[in-house]
Amino acid sequence: MSRALLSLGSNLGDRLAFLQSAVDAVRPAVVAVSSVYETKAWGVEDQPDFLNAVVLVDDPARDHWDWLRAGQAAEQAAGRVREVRWGPRTLDVDIVTVDGVRSDDPQLLLPHPGTPERASVLIPWLEIEPAAVLPGHGPVADLLAARPASDRDSVRLTSLPLARA
C-alpha cells in the first residue's frame with residue numbers, strides 16, 4: 001500500500017482550476033480532499049495570495065517516486081515555470097509524506113521539510129485526518145498547536161469547492 005499526503009498550492013491564474021487539475025491528476029487514488037484555504041505567500045512575500053489544499057491518496061502500485069512524478073506532471077500540465085525559489089506559480093504539488101518513508105535524496109526529501117512550520121499544510125491535513133502524525137515530528141495537532149496564533153490565523157477557510165470524487 002502506498003498512502004501519501006500531497007500539498008497543493010496556486011497563486012497565479014485560475015487558482016482553483018489549477019488545484020482541481022492536481023486532484024484530477026491523481027484520481028482514482030484520491031481518498032480525501034481538504035477544503036480550500038487562502039494564505040499569504042511564504043518565502044517570497046511580494047506576490048499574490050495562495051489557494052491551498054491537501055489530498056490524501058492511496059495506490060498500492062505507486063511508491064514515493066511515483067507520487068513525485070505524478071505531482072511534477074500535474075505542475076507541468078498547469079504550465080508551472082520555476083524561475084524564483086518560493087516565487088509565484090500556477091501550481092505547486094509537494095509530497096508531504098508517503099507511508100512514513102524517510103528520504104534524504106535532494107530530489108525528494110521526506111517528510112517534506114518545513115511541514116512542521118506550515119499552518120497552510122497542517123490545518124487542511126487535520127481537517128481530513130484528525131489523528132495524523134508527521135513521521136519524525138509527532139502528531140500534527142501538536143505541531144499546529146506549537147505554531148504562533150498569527151500563523152494559524154493567517155490560514156483562511158474559503159467557500160471555494162474542490163470536487164472530491
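Predicted model: local features only at pLDDT ≥ 70, side-chain atom pairs only at ≥ 80, totals over all residues.

Me: Let's start with His64. Why is His64 called buried?

Reply: Buried means under 20% relative accessible area. His64 has 17% relative accessibility, so it counts as buried. His64 sits in helix 2, which covers residues 64-77. Leaving aside neighbours within four places in sequence, His64 is in contact with Val98, Val101, Leu108 and Leu110.

Me: And what makes helix 3 largely enclosed by the rest of the structure?

Reply: Count the buried residues: nine of the ten in helix 3 are buried, so the helix is largely enclosed. The buried ones are Ala119, Ser120, Val121, Leu122, Ile123, Pro124, Trp125, Leu126 and Ile128.

Me: OK, now the core. What makes a set of residues a nonpolar core?

Reply: The residues have to be buried, come from a list of nonpolar types such as Val, Leu and Trp, and be joined through side-chain atoms within 4.5 Å. The largest such core here has 28 residues, and those with the most contacts inside it are Val26, Val55, Val57, Trp67, Leu91 and Ile95. Two or more residues come from each of strand 1, helix 1, strand 2, strand 4, helix 2, strand 5 and strand 7. There is also a second, separate core of 19 residues, which includes Leu56, Leu126, Ile128 and Val140.

Me: Which residues does Val55 touch?

Reply: Not counting residues up to four places away in sequence, Val55 touches Ala4, Leu5, Leu6, Leu8, Val23, Val26, Val30, Ala32 and Val33.

Me: What about holes? How many cavities of 30 Å³ or more does a search of the whole structure find?

Reply: One. The largest cavity holds about 50 Å³ of space, and its lining includes Leu6, Val55, Trp67 and Gly71. Helix 2 gives the most to that lining, with four residues.

Me: How do you know which kinds of residue make up the lining of the largest cavity?

Reply: Sort them by type: ten are nonpolar, one is polar and none is charged. Gly counts as polar, and Gly71 is in the lining.

Key:
Residues numbered from 1 in each chain as written. Heavy atoms only, no water. Buried < 20%, exposed > 50% of the residue type's maximum accessible area, 1.4 Å probe, protein only. Contact = heavy atoms within 4.5 Å. 1 Å grid on protein atoms, 1.4 Å probe; cavity = no way out; pocket = protein on both sides within 12 Å on 5 of 7 lines; lining within 4 Å. Points joined across faces, edges and corners; volume = space filled by probe spheres on them.
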